[in-house]
Amino acid sequence: MDPPIWRRLVVPTDWTLDRLHLVLQAAFSWTDSHLHEFRIGGLRYGDLDQLEDGFGGTRLYDYTEVGLADFTGQDLTFSYLYDFGDDWTHVIRIEEWLALDPLPRHAECIEGARARPPEDVGGPWSYGDFLGTLLDTEHEDHKAHLRWVGGHFDPEWFDLDLINRDLRNTFRTNVNRRLHQPKPIPRNL
C-alpha cells in the first residue's frame, strides 16, 4: 500500500505462529473470518484443518507447532497472507530479538500508521477505489459504502490506545472486534 499501513509490535518469542495470526488480527481489528497462512523461507504454515496441503506444490506445515523462537537470532522477513480472495499480504520483519524478563503476557503495539482497510473491501487493488467512493459524494455507491463502514472512515486514523486494548484482549473468548472507527467528536468553537 502506498502510503503504507503498518504496526510495530512487541510479541513474546515463545508464541507459536497461530498465536501471531491472532495478534495480527487484533492489531488490525480484523475479524479472523478468512483463510490465512504464513510464508517463511519458501515454506507455508497455516491451519491444517482449513487449508489444502499443496496438491504436489508447496507443503503446508501446522502453524500451531512452529514458534517464533524457532527463528531466534536470525534476520527474518516473511509474509502473512490474509483473505485469499482479497490477498492482503503483510510483510513481517523481525527487527530485534529482545530478552525481556518476564516475557510479556500479551503483545503490545508501540507505533504504527493509518487505518486498516475494512474487511472484504476487495484487496489492495480495490481499496483506492473504495476511498475514492467515500470522497465522491455524487458516486452511486457513496452512501452504501459509508453505511458499510459505520458512517465514518478516515484512512489516516490510528489510535495506539485502542489497538493496545484490542491486543490485551486477543486471546479472550467471545471478544467482539471493533468493526468501525470511532466517529470524531465535533468540536464546539
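Glu37 is buried, with a relative accessible area of 1%; here buried means under 20% relative accessible area, exposed means over 50%, and partly exposed lies in between (1.4 Å probe, protein chains only). This is a predicted model in which local features need pLDDT of at least 70 and side-chain atom pairs count only at pLDDT 80 or more, while totals for chains, interfaces and linings use all residues. Residues are numbered from 1 along each chain as its sequence is written, and side-chain values use heavy atoms, with hydrogens and water left out.

## Salt bridges

A salt bridge is a side-chain nitrogen of Lys or Arg within 4 Å of a carboxyl oxygen of Asp or Glu. By this rule the model contains 6 salt bridges. Three of these pairs are listed below.

| Pair | Closest N to O distance |
|---|---|
| Arg44 and Glu37 | 2.9 Å |
| Glu95 and Arg93 | 3.7 Å |

The partner of Glu37 is Arg44, and Arg44 is also buried, with a relative accessible area of 15%.

Arg8 lies in strand β1 and Glu111 in strand β7, so the pair ties together parts that are 103 residues apart in sequence. Helices (H or I, at least four residues) and strands (E, at least two) are DSSP runs, numbered from the N terminus. Arg8 is partly exposed at 26% relative accessible area, and Glu111 is partly exposed at 33%.

Glu95 forms a salt bridge with Arg93. Glu95 is partly exposed, with a relative accessible area of 48%, whereas Arg93 is exposed, at 54%. Salt bridges that share partners join Arg8, Arg93, Glu95 and Glu111 into one network.

## Helix α1 and its surroundings

Among the buried residues are Leu17, Asp18, Leu20, His21 and Val23. The buried residues of α1 pack against the strands β1 (6-10), β2 (36-40), β3 (43-46), β5 (76-82) and β6, and against helix α4 (160-168). Contact is taken as heavy atoms within 4.5 Å. Just after α1, Ser29 takes a positive phi of about 50 degrees.

Ser29 is also one of the residues that Arg116 touches; the others are Ile5, Arg7, Phe28, Trp30, Phe153, Arg178 and Leu179, not counting residues up to four places away in sequence. Arg116 lies in the loop between β7 and α2 (124-135), and it counts as buried at 11% relative accessibility. Arg116 and Ile5 are 111 residues apart in sequence, yet their C-alpha atoms are 6.7 Å apart in space.

## Backbone features

The loop between β7 and α2 also holds Arg114. Arg114 has a positive phi of about 70 degrees although it is not a glycine, and it is buried, with a relative accessible area of 16%. Asp87, in the loop between β5 and β6, is another residue other than glycine with a positive phi, near 65 degrees. Asp87 is partly exposed, at 30% relative accessible area.

A cis peptide bond joins Asp2 and Pro3, with omega of about 5 degrees. Pro3 is placed in the segment before β1.

## Surface patches and an exposed loop residue

Patches are made of residues with over 30% relative accessible area and no salt bridge; like charges are joined within 9 Å, and nonpolar side chains (Val, Leu, Ile, Met, Phe, Trp, Tyr) within 5 Å. Accessible areas come from the Shrake-Rupley method with a 1.4 Å probe, and for residues only the protein chains shown count as cover. Lys and Arg count as positive and Asp and Glu as negative, while His and the chain ends are not counted. The place of a charge is taken as NZ of Lys, CZ of Arg, CG of Asp or CD of Glu.

Arg105, Arg165, Arg168 and Arg172 gather in a patch of positive charge on the surface. Arg105 is placed in the loop between β6 (88-94) and β7 (108-113) and counts as exposed at 74% relative accessibility.

Leu98, Leu100 and Leu103 make a nonpolar surface patch of about 240 Å². Leu100 lies in the loop between β6 and β7 and is partly exposed, with a relative accessible area of 38%.

Glu65 is placed in the loop between β4 (60-62) and β5, where it is exposed at 62% relative accessible area. The C-alpha atoms of Glu65 and Tyr45 are separated by 9.4 Å, the two residues being 20 apart along the chain.
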